Amino acid sequence: MGPLTEREIRASFVNCTKGEAKRLSLPADLAARPWDDLDFLGWRDPASPQRAYLVAESDDGPTGVALRLASSEAGQPRRNMCSLCLTTHPGDGVSLMTARKSGREGQLGNSVGIYICADLACSLYLRGKKDAGPGARLRESLTLAEKVERTTANLTAFLNRVS
């Protein structure tokens, strides 16, 4: 993924108003992000921990979605798998994130959800640049390029459900 400007990021959101996009918190370290290693830009809102944002490249340019994290339920220790990168995490390392649908459906309150790495660092887990602990990545015979392609396809399918 190539570097994005603040203006490009704010203009990319398909499931919130221009005013909401203007007010959302961008990552403070935007310039320092490892852009060459990212398949999408994802971050959690430091002012509102239940909000997250994701921006991916598409044929039409950057596509952004505002996400809301489901509240985590306390209970037995468990491992969950991210639906994008297929990394497993213990405890609350994977969160159900919901996105209001774009357009009229979103205005009616319709949303879609997906289980994603809670820190939105899927690209870094995929490349081994961030570790989720023992057993987090299943052994696969796929190349890195094939894993990236699968993750990108999973993300595109989710973004299409939002749009």
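Trainee: Which residues have the most contacts inside the largest nonpolar core?
Mentor: L54, L67, L84, I116, C122 and F158 do, in a core of 29 residues. Keep in mind that this is a predicted model.

Trainee: Okay, and which elements supply at least two residues each of this core?
Mentor: Strands β2, β3, β6 and β7 each do, and so do the helices α4 (122-126) and α5. The largest share comes from α5, with five residues.

Trainee: What does I116 touch, leaving out residues up to four places away in sequence?
Mentor: I116 touches L54, L67, C82, L84, G93, V94, S95, M97 and C122.

Trainee: And what other core lies apart from the largest one?
Mentor: There's another core of 16 residues, and among them are L4, A21, L41 and W43. As background, nonpolar side chains tend to be buried together in soluble globular proteins.

Trainee: Let's zoom out. How many helices and strands does the protein have?
Mentor: Five helices and seven strands. Starting at the N terminus, the elements go α-α-β-β-β-β-β-β-α-β-α-α.

Trainee: In what order do the strands of the open sheet come?
Mentor: The order is β1-β2-β3-β6-β7, so that's five strands, with antiparallel pairing.

Trainee: Which strands stand at the edges?
Mentor: Those are β1 (40-44) and β7 (111-117). Each has a single partner strand, so one side of each has no neighbour in the sheet.

Trainee: What does the twist average from one strand to the next?
Mentor: It averages 30°.

Trainee: How many bridges join β1 to β2?
Mentor: Five, and the two strands run antiparallel, with β2 covering residues 51-58.

Trainee: New topic: aromatics. How many aromatic pairs does a search of the whole structure find?
Mentor: Two. One is F13 with Y53, an edge-to-face pair at 6.0 Å centre to centre, with 90° between the planes.

Trainee: Where do F13 and Y53 sit in the chain?
Mentor: F13 is in the loop between α1 (6-11) and α2 (18-23), while Y53 is in strand β2. They're 40 residues apart, and the pair links distant parts of the chain.

Trainee: Is F13 buried or exposed?
Mentor: F13 counts as buried because its relative accessibility is 8%, and the cut-off for buried is under 20%. Y53 is buried too, with a relative accessible area of 5%.

Trainee: What about W43 and Y53, how are their rings arranged?
Mentor: That pair is tilted, at 5.3 Å centre to centre and 35° between the planes. W43 lies in strand β1 and Y53 in strand β2, so the pair ties together parts that are 10 residues apart in sequence. Both W43 and Y53 are buried.

Trainee: Which residues form one aromatic cluster?
Mentor: F13, W43 and Y53.

Trainee: Last bit, overall size. What does the C-alpha trace span along its principal axes?
Mentor: About 45 × 35 × 30 Å. The radius of gyration is 15 Å, which agrees with the value near 15 Å for a compact globule with 163 residues.

Trainee: What share of the residues is buried?
Mentor: Buried residues make up 42% of the 163. On contacts, of those between residues at least 6 apart in sequence, 56% join residues at least 24 apart.

Note on methods
Residues numbered from 1 in each chain as written. Predicted model: local features only at pLDDT ≥ 70, side-chain atom pairs only at ≥ 80, totals over all residues. Heavy atoms only, no water. Helix = DSSP H or I, 4+ residues; strand = E, 2+ residues; numbered from the N terminus. Axes fitted to C-alpha atoms, helices over the stretch in contact; angles between N-to-C directions. Phe/Tyr/Trp six-rings, centres within 6.5 Å; stacked < 30°, edge-to-face > 60°. Buried < 20%, exposed > 50% of the residue type's maximum accessible area, 1.4 Å probe, protein only. Core = buried A, V, L, I, M, F, W, Y, C linked by side-chain atoms within 4.5 Å. Contact = heavy atoms within 4.5 Å. Rg over C-alpha atoms; globule rule 2.2 N^0.38 Å.
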